[in-house]
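Here's a quick briefing to read with the model open in your viewer. Have a look around first, then come back for the tour.

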Amino acid sequence: MDAPAFVPGDALPGAPDLAGRGPRPVGVTTLPLANPYQIDVLGSLAAGEPVRATRHLSAEVWYPALCDGRALYTDHLEGPDGERPGSPRTIRFAGRAERDADPDRSAGPAPLVVVSHGHLGSPLRHSWLGENLASKGYAVLALSHTDGTPEDRGDPLSRLRNRPLDVALALRVAADLERAHPLLHHVWDADRVALVGHAMGGYGVLVALGAGLDVGAFEPLGITDPLRHELVDDLAAGMPFHEDLVDAVTSRVRAGVLLAPWGGDAAWSRHALARVSTPLFLAAGSEDDGAAVRTGLAAGYAGVRTLFEASVASDRWLLTFDGARHGVGSNPPPEALASASPDAWWRYADPVWDVRRITSVLQHHVTAFLDTHLRGLPRDAYLSGAAAAPRGSDWPGYPPRSTVGLRMEHRASSPVAEHPGEDVHGVRDLSAAVWAGLSQAWRAHRSRSSRPTGV
């Protein structure tokens, strides 16, 4: 199969130094995943009480391989009705990877990058990153989140609960597969991991890295009755379940990348965000309006800045694409969308930026960030030099006069007081106490009920 001149993961002419593909061929395979005995949000809402079931999902894995093949990816795109049910449109686009190819283990286990896609997205929308990083010696495991794809939309509450749990599952499975999987054994190092979250995926990454949910924000998110609240309240800041989740994740994860992340101050207090200590790289468009205000999942650029400013315990970077909207982190529009509806086109495209240019810039800076934190390579100058450069001047690794429209900011980590003195925390503590009382009353009611709990 002849690949077109440009496919996602390639760098445009004039791209910065680290944007191009590496020297290694790439393989790709699909993994089924299962998380037994989890709270089934949709089943619980139907039953009127918490029930448990095995949660099934899958992942696309890119890795260094012994091949020189091509891939034809088949993905799905939601129709113009947005959140309303419908038949997703099938789209196909090319890649530079061979399916189920034998891995190349000659350089030893690769650093692992776990990717979480956005709302109604898919792992294949991040083939630009998966193939590019795999060609540079990384292994990339990109999740396909049940209840969050065009084929399987589910309830927003399921996304709120399951995104961070899916990330934790990927880390547990990765450790097992590293030893025993017939194709992927000894391909990656499950103790040298970075997390990448796009849009809603950024929310899940932040919760997994330590940002417990703000109980006081649950009502605007539509969690207004005791059952809905009970289904997510163990992810609130300070809850033992959340503490255990964070300990399991952060013991393996060395860096986090947030691309147009959702959440801002809609999901977390500043005190909760201050609990994230993992180094972070954020990227967003200055005109990001969440891409889909109609979904209720929009936080916008102001929310991204909140995440950047409030994650004070993290050494963090923010790359801004001036004039861009929410499409920072997805593949460029495939040719199949040339005749699609405007709604479908704008799911991939940007009104100002060539998305191929966005991905080339991101490939450069994400590579520098991951090489620094997962490999200990001297790449920091590509980040610090960009942050220190005067507006409009050249950045390290960029051709002259090619940084127009880009801004890089850096905040060093700072100590966090154990007991913040802001009055707002007292309000949130009161809100948490109120919800705790409601949840206790709800559990007492269920215990008196003659119906089986299913837990």
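Which residues of helix α6 are buried? In α6 (residues 240-250) they are His 242, Leu 245, Val 246 and Val 249, where buried means under 20% relative accessible area, exposed over 50% and partly exposed in between (1.4 Å probe, protein chains only). Keep in mind that this is a predicted model: local features need pLDDT of at least 70, side-chain atom pairs count only at pLDDT 80 or more, and totals for chains, interfaces and linings use all residues. Residues are numbered from 1 along each chain as its sequence is written, and side-chain values use heavy atoms, with hydrogens and water left out.

**The whole protein**

- You'll find 13 helices and 12 strands here; these are DSSP runs numbered from the N terminus, with helices being H or I of at least four residues and strands E of at least two.
- Of the 455 residues, 57% are buried.
- The accessible surface is about 17600 Å², and carbon and sulfur atoms hold 53% of that (Shrake-Rupley method, 1.4 Å probe; for residues, only the protein chains shown count as cover).
- Among contacts (heavy atoms within 4.5 Å) with a separation of 6 or more, 80% link residues 24 or more positions apart.

**Helix α6 and the cores**

- In general, an α-helix has 3.6 residues a turn, so residues three or four places apart point the same way.
- Pro 240 and Asp 244 are exposed, on the other side of α6.
- Cover for the buried residues of α6 includes α3 (156-180), β8 (188-198), α4 (200-209) and β9 (253-259).
- Val 249 also turns up among the residues with the most contacts inside the largest nonpolar core, alongside Leu 141, Leu 143, Trp 188, Leu 195 and Trp 268. That core has 69 residues, a nonpolar core being a set of buried Ala, Val, Leu, Ile, Met, Phe, Trp, Tyr and Cys residues joined through side-chain atoms within 4.5 Å.
- α3 gives the most to this core, with 12 residues.
- A second, separate core has 47 residues, including Ala 97, Leu 133, Ala 386 and Tyr 398.
- Beyond four places in sequence, Val 249 touches Ala 168, Leu 171, Leu 195, Ala 208 and Leu 209.

**Strand β1 and what comes before**

- β1 and β2 (residues 52-64) run antiparallel, joined by 12 bridges; strands pair if DSSP finds at least two bridges between them. Ala 34 has His 56 in β2 as its bridge partner.
- β1 also runs parallel to β5 (residues 98-99), with 2 bridges, and Val 28 stands opposite Arg 99 there.
- Ala 15 lies in the segment before β1 (26-39) and counts as buried because its relative accessibility is 17%.
- Past four places in sequence, Ala 15 touches Arg 357, Ser 360 and Pro 399.

**Asp 371**

- Asp 371 belongs to helix α11 (residues 355-375), and at 3% relative accessibility it counts as buried.
- Outside four places in sequence, Asp 371 contacts Tyr 138, Gly 376, Leu 377 and Arg 379.

**Confidence**

- Mean pLDDT (the predictor's confidence in each residue, from 0 to 100) is 85, and 83% of residues reach 70 or more.
- pLDDT stays under 50 over residues 81-85 and over residues 292-298.
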